Amino acid sequence: MNNYSFNHFLREKGVPNDVRSLLYHIARAVKYINFSLRAGNTGKTDGQNCQGEEQLQLDVMADLIIQDELKKSELVRTCISEEIKEAMIFDAPRGEYTVAYDPLDGSSLVDANLAIGSIFGIWEGSELVGKTARDQVAACYAIYGPRVTFVIAIKNGGTHEFELNDVGEFILVSQDLQVADVSKYFAPGNLRASIENKRYLELIQSFILEGRTLRYSGGMVPDLHHILKKGQGIFCYPGCQKHPNGKLRLAFECAPFSFIFDQAGGMAKTVDGLNLLDKPVTKIHERTTIFIGSKQEVTQAVDFLQN
């Protein structure tokens, strides 16, 4: 495989100039976040985000870095952060896109020195409400771990992995990632739901009795990246009585990953069996259940829980 740089690869793939430019600015934000993480303060702020969750100084830092790069692109009209209640409106003389993002997913894992990430969904136009994951023109995520990995998916263009090298360039390491239909790996989120949902408990027990391999860190980004890199797996996050729609956000987490996995041959569904690509955003901070990964595993798991 050719050792393509990020921009060279996007040009070779024929990605439209404005989408390529927007992805370039997101990639720059990822590099700056990584630099700040290596030297940054992992302490808490005195405030909370709009979800009522404690904010780390790193959460605020990552959010500001991303906002700055999206403004500099001059392509983003509507900027929607998981940390901020309302959408932000920017001047966009070069185009009109909406970007929804989680600036630092899994930030509660920072003090344990586990991998964390950033997630981005990109839509044409200035309005997100009413759009679906299928409407995205691109989606991407970054992992800040032993290595810095940046994975992008382009509409009808596949899912591809880049790695930050020693001179600060993202270099292609895996082209056209693919997810097999069946799997031996499982990542069961929201295990507390199994206390009241006996079918979910039975599903997890069936995975164990079948001799499957547990891979779960508590961070959505590294757990889903593991599935993509291994080419198989299922990640489950049902609801419970306290959180009937689960705790994961549609616009910032589930829609981008649904798009990324679809481009890699995988699938994402809600616990009710709806393909997450077709679930419209009704409000920017809404939550959803998600079962994502290998197609056959996702379908069988959702069918099992419904019966």
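Biologist: Why is Phe261 called buried?

Modeller: This is a predicted model, and every value I give is computed from it. The relative accessible area of Phe261 is 0%, and since a residue counts as buried under 20%, Phe261 is buried.

Biologist: What makes the pair of Phe257 and Phe261 edge-to-face?

Modeller: A pair of aromatic rings is described by the distance of the centres and the angle of the planes. For Phe257 and Phe261 the centres are 6.5 Å apart and the planes stand at 65 degrees; because the rule asks for centres within 6.5 Å and calls planes over 60 degrees edge-to-face, the pair is edge-to-face. Phe257 is buried too, with a relative accessible area of 0%.

Biologist: Why are Phe257 and Phe261 separated by about one helical turn?

Modeller: The two residues are four residues apart in helix 7, which covers residues 250-263, and therefore about one helical turn separates them.

Biologist: Why is helix 7 described as largely enclosed by the rest of the structure?

Modeller: Of its 14 residues, 13 are buried, so helix 7 is largely enclosed by the rest of the structure. Just after this helix comes Gly265, which takes a positive phi of about 90 degrees.

Biologist: Which term describes the pair of Phe6 and Phe150, stacked, tilted or edge-to-face?

Modeller: There are ten aromatic pairs in the structure. In the pair of Phe6 and Phe150, the centres lie 5.6 Å apart and the planes make 55 degrees; because planes under 30 degrees apart count as stacked and those over 60 as edge-to-face, the pair is tilted. The pair also links distant parts of the chain, with Phe6 in helix 1 (residues 6-12) and Phe150 in strand 8 (residues 148-154), 144 residues apart. Both Phe6 and Phe150 are buried, and they belong to one aromatic cluster that also includes Tyr4, Phe9, Phe162 and Phe170.

Biologist: What makes the charged end of Arg199 count as sitting over the ring of Phe304?

Modeller: The charged end of Arg199 is 3.8 Å from the centre of the Phe304 ring, to be set against a limit of within 6 Å, together with a position within 35 degrees of the ring normal. The charged end of Arg199 is accordingly assigned as sitting over the ring.

Biologist: How many cavities of 30 Å³ or more are there, and what lines the largest cavity?

Modeller: Rolling a probe the size of a water molecule over the atoms shows where empty space is left. The count comes to one cavity of 30 Å³ or more, and about 40 Å³ of space lies in the largest cavity. Its lining consists of Tyr185, Phe186, Ala187, Arg215, Asp223, His226, Ile227, Gly233 and Ile234, which divide into five nonpolar, two polar and two charged residues. Strand 11 (185-188) and helix 6 (220-230) are the elements that give two or more residues to this lining.

Biologist: What makes helix 6 mostly covered?

Modeller: Eight of the eleven residues of helix 6 are buried, among them Met220, Val221, Asp223 and Ile227. Gly231, which follows helix 6, has a positive phi near 75 degrees.

Biologist: Which element gives the largest share of the lining of the second largest pocket?

Modeller: Helix 6 does, with five residues. About 610 Å³ of space lies in this second largest pocket, whose lining comprises 25 residues, with Ala115, Ile143, Tyr144, Gly145 and Pro146 lying nearest its centre. The lining divides into eleven nonpolar, seven polar and seven charged residues.

Biologist: How do you know whether the protein chain agrees with a compact globule?

Modeller: For 307 residues, a compact globule would have a radius of gyration near 19 Å, and because the protein chain has 18 Å, the value agrees. Of the 307 residues, 57% count as buried, and the chain contains eight helices and 15 strands.

Methods
Residues numbered from 1 in each chain as written. Predicted model: local features only at pLDDT ≥ 70, side-chain atom pairs only at ≥ 80, totals over all residues. Heavy atoms only, no water. Phe/Tyr/Trp six-rings, centres within 6.5 Å; stacked < 30°, edge-to-face > 60°. Buried < 20%, exposed > 50% of the residue type's maximum accessible area, 1.4 Å probe, protein only. 1 Å grid on protein atoms, 1.4 Å probe; cavity = no way out; pocket = protein on both sides within 12 Å on 5 of 7 lines; lining within 4 Å. Points joined across faces, edges and corners; volume = space filled by probe spheres on them. Nonpolar A, V, L, I, M, F, W, Y, C, P; charged D, E, K, R; others polar. Rg over C-alpha atoms; globule rule 2.2 N^0.38 Å.
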